[in-house]
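Visitor: I'd like to learn how to read a model like this one. Can we take it feature by feature?

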Amino acid sequence: MQCVVTGGNVKVLAKAIHSLSRIGEELYVEPQKDGLALRSVNSSRSAYACFLFAPLFFSRYSIPNGKDFRCKIAIKSVQSVFRSVATLEKTVEKCHIELDEENDRLTFTLHCKHGLLKTHNLSYQDSESLQAMFDKDACTTNFRVNPRVLVDTVAHFPPSLEEVTVTVSDERMWVRNYVEDETERSKAMLTELCLASDEFDHFVVKAHNSFTFCLKELRGLLVFAESNNLPVSMYFKEPGCPVVLSVTDSVMEGNFVLATLSDGSSPPKNKSKGAHTQQSLPPDDFMNDDMDSYLIAMDTSVASSAAEPPASTLTDPCTSKLPEANHKTRTHSEEEEEEEVADGPDRPPNKKFRSLFFGSVLPPSPQMSTQPVTTQEVLASDSEDES
Amino acid sequence: MRFRGKIVDVACLNHFTRVVTTISKLTKTCVLRLNPDKLFFVLSGKVANGGVGMWCELSQANFFDEYQMEGFNPENNEICLEVAPENLSRALKTVQNAKSVKVKLTKKHCPCLTVSAELPTMSSISRVVTHDVPVDVIPTRLWHELKEPSMPDFDVSIYLPPLKTIKNVVDRMKNLSNFLVIEANMNGKMNLKIETDLVSVSTHFRDLGNPPSGDGASQDGSPTRDPHSMAEVRVDIRKLQQFLVGQQVNPSKSMCNIVHQSVVHLILLHEDVSLQYFIPSVA
């Protein structure tokens with residue numbers, strides 16, 4: 001694999017990485033035919049982000065032949081390569097990213113002014129495919145807005161604020177801080193901001209709704225959007241379904257998928273997720289009601305290159321059932337999840353969790369033409385970051 | 001009990017915000033006292049506060065374009081609310097560019113001071129932001145604790161050197177000792193001293209000037225004090241530092257009164273705000 005980023009795009013890449021660092025601890029790198037995908041997910045799997053840089057973003061882009069390559073690197077290491085964005089802008093002329101498979105290393109070489117070469121060799125680990133399923137078209141509510149508006153809105157809330165509730169009606173959007181604890185409510189300062197639809201470039205609301213999500217993770221995207229002056233689009237369907245925020249331009253697309261709190265009851269977040277997997281059946285048995293709670297009940301739209309499952313295997317019939325099964329069992333499983341809340345909050349061992357959660361990806365098969373599901377990733381639909 | 005105030009002028013809003021921010025740096029919680037003419041931020045010098053007392057007085061007409069209040073009852077036409085000034089400060093800071101800011105006493109999930117503002121936007125419809133700052137209403141039986149502290153019988157009254165200078169000195173002294181001695185005399189001299197086993201440091205200020213006898217001389221027919229004799233107070237250095245850190249604006253007048261080995265009373269006067277701060281002596 002060889003990618004070369006030149007000029008101003010180095011800064012864009014750096015900012016994307018800093019944005020992703022706000023989500024999770026690891027950077028998942030996957031060079032695909034349609035571009036380089038950089039992804040991250042948080043530990044509770046309630047926030048996911050992906051930046052896809054098209055081949056045109058690079059002055060040179062070549063991916064490993066034959067097999068698909070995927071790896072993950074500690075995000076802090078990658079951040080240290082692109083540490084100071086301001087200096088990057090001034091001194092770095094291009095950045096080479098090369099794969100050194102023999103040594104399990106990804107080499108970042110910064111070609112700076114005056115012939116200075118900075119080489120960073122970062123070790124990577126093999127990883128499973130990380131992709132969230134989401135369908136923007138199925139969303140009943142979507143907006144597009146200048147990032148400045150969102151940045152200004154978010155400025156009204158203290159930096160420590162975890163969650164916000166966004167309520168939409170035909171003409172307006174309200175943003176409020178979310179206080180979950182009864183005891184805190186009497187002491188907490190409540191802030192509410194009301195935005196008119198005029199302020200948005202695009203404002204479509206098919207259903208009046210409220211959704212609550214974690215603000216912290218959003219800030220990463222806003223910083224990126226504002227510095228690149230890209231409008232932010234927001235897609236939302238209903239409480240419990242994740243909200244998708246994206247920024248796009250001709251050579252790049254960034255998507256942030258954040259879990260939202262489901263309506264009414266507020267289960268104490270992802271603890272239930274952890275409890276779930278501990279009780280789940282071994283990886284091979286993917287199809288059971290418990291697991292459905294992790295799946296987003298949406299048809300996929302993204303058909304990326306399929307890859308071999310690292311651990312578990314899924315039979316085709318099973319996967320083909322999944323999307324519909326989701327719809328039906330979702331309410332049931334939501335309740336289940338809430339019951340699970342009381343259980344131990346320990347997170348399951350990584351490997352098991354990973355294989356259950358992100359399951360397998362279908363190998364290319366004739367069935368691909370009949371069903372849109374090729375990759376699945378799961379994101380708990382109605383739990384959130386543990387604060 | 002009702003209260004409603006509106007600030008339209010940008011400079012007034014800015015000034016008010018700075019006052020509230022200064023208060024928020026001095027204490028985590030205080031009492032906001034409202035009467036038809038003035039607002040007070042009060043911290044009574046109880047043991048719980050480390051004996052530190054604060055009294056800040058603002059004239060409402062200098063800040064609010066509209067100001068209406070109805071107190072507890074006609075005899076006690078005042079409102080006393082316990083509030084965390086930091087919340088209020090945060091709310092005000094976010095609305096600095098508003099067309100107008102309203103502050104109201106409301107009852108939401110609990111009694112609140114609601115700060116609401118209309119923010120200018122590119123579109124025709126303004127953005128409306130509301131901050132509900134929770135408050136506790138203080139019952140009338142406790143109002144006696146919130147009276148303006150009486151001017152103590154001080155031994156020395158002296159104008160302070162520039163606050164920034166004192167702050168620099170105190171910041172460095174804080175690294176060496178937990179306690180600081182402030183001493184001054186009626187001849188314009190003030191010293192800040194620290195003493196530990198290893199080191200003693202003192203900073204001397206001269207020609208500071210003393211407020212005229214009407215304001216500041218020793219009272220009650222005691223024999224005229226020897227102008228060179230020093231009165232001193234030993235205070236917890238962190239309390240003094242906390243006072244200095246919060247000061248964002250240079251006051252038009254700043255002075256302190258010292259009651260020998262008892263309390264130091266710091267007074268800052270701006271055009272429309274006065275702030276008094278009492279730091280007790282420690283043994």
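Visitor: Which parts of chain A does the pair A:Glu26 and A:Lys72 tie together?

Guide: A:Glu26 sits in strand β2 (residues 26-32) of chain A and A:Lys72 in strand β6 (residues 71-74) of chain A, so the pair links parts that are 46 residues apart in sequence.

Visitor: How many salt bridges are there over all chains?

Guide: The general idea comes first. Side chains of opposite charge can pair when their charged atoms come close. Here, a search of the whole structure gives 19 salt bridges over all chains.

Visitor: How many salt bridges cross the interface of chain B and chain A?

Guide: The rule finds one. B:Arg127 pairs with A:Glu199, and the closest N and O atoms are 2.8 Å apart.

Visitor: Which elements supply the side of chain B that touches chain A?

Guide: α2 (85-94) and β9 (127-137) of chain B each supply at least two residues of that side. The largest share, eight residues, comes from β9(B). By type, the residues on this side of chain B are eight nonpolar, eight polar and three charged.

Visitor: What is the area buried between chain B and chain A?

Guide: Interface size is often given as the accessible area lost when the parts come together. Between chain B and chain A, about 1,600 Å² is buried, and carbon and sulfur atoms give 55% of that area. As for contacts, 19 residues of chain B touch 20 residues of chain A.

Visitor: In which sense do strand β14 of chain A and β9(B) pair?

Guide: Antiparallel. Strand β14 (residues 190-196) of chain A and β9(B) pair over five bridges. For a place to look, find A:Cys194, which stands opposite B:Val128 in β9(B).

Visitor: And within one chain, how many bridges join strand β12 of chain B to strand β13 of chain B?

Guide: Six, and strands β12 (residues 190-195) and β13 (residues 200-205) of chain B run antiparallel. They form a hairpin with four residues between them. B:Asn191 has B:His204 in β13(B) as its bridge partner.

Visitor: Where does pLDDT stay under 50 in chain A?

Guide: Over residues 265-376. Where pLDDT is low, the predicted coordinates should not be read in detail. The model has 202 contacts beyond four places in sequence for residues 265-376 of chain A. Chain A averages a pLDDT of 70, and 66% of its residues score at least 70.

Methods: Residues numbered from 1 in each chain as written. Chains lettered and ligands numbered in written order. Predicted model: local features only at pLDDT ≥ 70, side-chain atom pairs only at ≥ 80, totals over all residues. Heavy atoms only, no water. Contact = heavy atoms within 4.5 Å. Buried area = accessible area lost by both parts, 1.4 Å probe. Salt bridge = Lys/Arg side-chain N within 4 Å of Asp/Glu carboxyl O. Nonpolar A, V, L, I, M, F, W, Y, C, P; charged D, E, K, R; others polar. Pairing = 2+ DSSP bridges. pLDDT = per-residue confidence, 0-100.
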